[in-house]
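Me: Hi! I'm new to this one, could you walk me through a few spots in it?
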Amino acid sequence: MNVVLIQMAVTDGENGNDRLKKAESYLEQIENAPEKPDLVIFPELWKCGFQNFAGYRDGAEILQGQTWQFMSRWAKRLHCYIHSGSFVEKQVQGAEDTVFYNTSVLFDRQGREKGIYRKIHLFGFESMEQKILTAGQSVTEVETEFGRTGMATCYDLRFPEQFRVQEDAVPELFLITAAWPAARLEHWRLFNRVRAVENQSYVISCNAAGEQCGVAEAGHSMVVDPLGNILAEASGQETILWCELDPKQSAGWREQFPALKDRKRF
């Protein structure tokens, strides 16, 4: 399984259309690469930027809007799964009521919507995310050709209970989209490895790079195997990170070292 993480830089000098063009240029590079991807994943809110709270509402899209259409088209073109990263989704509920979510979509090789996840744990520390957006209400875990696959977003990494909702069917892979700041880089590196070890799962995490509104993002997108080994890790700069992995390793390690089966319920 070839995984590609597009660690985009989000900066003040760009707008959403600029980043959309940049995303397309990266996808074209992947299309022309000698290796063919099985999964491509983007960062959290890469189009508007996580720190650009003032632009959330203006940059919001309906679910099947521009970002959805763009990712669906490219998933079909590359014949691979694509995780959209996340975007601000708007839902009109009544004549004068509109709510906004931090939403991610996973597409299959035919460009079909495979899973939708709306961020459950909204960030409140020095952030307006909790005040602008509405929290999602349910986890997203879907069956893919790679195994059971879970989706989560950035701050969710700090809440281990979200990753083990179905205790007898813990996903073999978790896809994480993030805009994790450089100020807490070591927490990022720690939580990705811990979530992998405790769930005996792969954790594939794509983070943003760059600096926006005075906040530097950490970069360091990574792929962690079910034993907690970092198979690939990016620098702090904008880059494309490729990683080859064997999705069957999760089931094999769980059989060899049955920690999940030994867990007691209280």
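Reply: Happy to! A polar contact here is a pair of N or O atoms within 3.5 Å; within protein, one must be able to donate a hydrogen and the other to accept it, and residues adjacent in sequence count only if both atoms are side-chain atoms. This is a predicted model, where local features need pLDDT of at least 70, side-chain atom pairs count only at pLDDT 80 or more, and totals for chains, interfaces and linings use all residues. Residues are numbered from 1 along each chain as its sequence is written, and side-chain values use heavy atoms, leaving out hydrogens and water.

Me: Thanks! Which residue caps the N-terminal end of α1?
Reply: Asparagine 15 does, with a side-chain oxygen 3.0 Å from the backbone nitrogen of asparagine 17. Helices (H or I, at least four residues) and strands (E, at least two) are DSSP runs, numbered from the N terminus.

Me: And which residues of α1 are buried?
Reply: Among them are Leu20, Ala23, Leu27 and Ile30; buried means under 20% relative accessible area, exposed over 50%, partly exposed in between (1.4 Å probe, protein chains only).

Me: Where do the buried ones pack?
Reply: Against several elements, including β1 (2-7), α2 (66-78) and β3 (81-92). The contacts are heavy atoms within 4.5 Å.

Me: New topic: where is aspartate 156?
Reply: Aspartate 156 sits in the loop between β7 (147-153) and β8 (173-178).

Me: What polar contacts does its side chain make?
Reply: The side chain of aspartate 156 meets the side chain of histidine 121 at 2.9 Å, and that of glutamine 162 at 3.5 Å.
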